Amino acid sequence: AVTSLPIPSPGSMVINFLLDILFPKNCFGCGAYGSLLCDVCISKIDFHPIQKCGYCNQPAIGGATHSRCKSGGGIDGIWAAGVYQNQFKKAIITLKYKWIDELASILIAGVGNHLPEMFRSSDLIIPIPITAQRLRWRGYNQSELLAQHLSKLLQIPLDCDSLIRVKSGIPQANIRIRMQRLKNIDNTTFQVVAKSKTEKAFKGKNIILVDDITTTGTTLIQAARQLKRNGADQVWGLVLAR
């Protein structure tokens, strides 16, 4: 049997027409009309960057943490989809400071074609949280937007409530010196909520931590430590770019 497609109502057609006029969609890369990031510009993004250890920032196979670097129940690896430059950088910055859910969807769809197979067998996806204060100021969490689309793509459960951020330092992107970045986040930054501790929500789970970009890896490492302390088996970071 052939399923007929729903016919848009005249009202929705008018609204979409007005939105296209008021907020035209132009590609960040080339300016072409029709999409926030066109297929041609997506094809130019290097989705095969050199993967690095989250601790020492040296090359590592698949982004896996070097055995010599593992300490304190931290992260098992950090996989970056691309390099933080050119139109990819511009798209990520726009996603971070403006509410563009469609852009999050486009970026995750592009990343999805290059994901390592190991991520598809994970048990849970958790976005890096932001503080309640920053959430009120910005109005949304860009990492949560990305995690939502990744959850749909991989059909893996999403948990946006169990890991919280209780301390906010200077935004990592505003700190250029590596040692200052490392000092900006400590073990008190993230907490697991009491209910999740009681219910052992992470016990034995393989978890994907999602963020937009990583620099020193400190944010992901400290979040992973909290998850490991609460029973997680493996924790990998997945970011758009480094």
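The model is predicted. Its open sheet has 4 strands in the order S1-S6-S5-S2. Helix H6 packs on that sheet and also packs with helix H4.

**The sheet**
- Pairing in the sheet is parallel.
- Strand S1 (77-82) and strand S2 (124-127) are the edge strands, and each pairs on one side only.
- From one strand to the next, the twist averages 25°.
- Strand S6 (residues 234-241) pairs with S1 in the parallel sense, over 5 bridges.
- Ala80 has Val239 in S6 as its bridge partner.

**Helices on the sheet**
- Helix H3 (residues 86-97) packs on the sheet and touches S1, strand S5 (206-213) and S6.
- The direction of H3 makes about 110° with that of S6.
- H6 touches S2, S5 and S6.
- The direction of H6 makes about 130° with that of S5.

**The H4–H6 pair**
- Helix H4 (residues 101-112) packs with helix H6 (residues 142-154) at an angle of about 50°, and their axes are 9 Å apart.
- That angle makes H4 oblique to H6.
- The crossing of H4 and H6 is right-handed.
- H4 makes the contact through Asp101, Ala104, Ser105, Ile108 and Gly112.
- H6 contributes Leu145, Leu146, His149, Leu150 and Leu153.
- By class, this contact of H4 with H6 has 6 nonpolar, 3 polar and 1 charged residues.

Conventions:
Residues numbered from 1 in each chain as written. Predicted model: local features only at pLDDT ≥ 70, side-chain atom pairs only at ≥ 80, totals over all residues. Heavy atoms only, no water. Axes fitted to C-alpha atoms, helices over the stretch in contact; angles between N-to-C directions. Helix = DSSP H or I, 4+ residues; strand = E, 2+ residues; numbered from the N terminus. Parallel < 35°, antiparallel > 145°, perpendicular 65-115°, else oblique. Left-handed = near helix turned anticlockwise from the far one by under 90°. Contact = heavy atoms within 4.5 Å. Nonpolar A, V, L, I, M, F, W, Y, C, P; charged D, E, K, R; others polar. Pairing = 2+ DSSP bridges.
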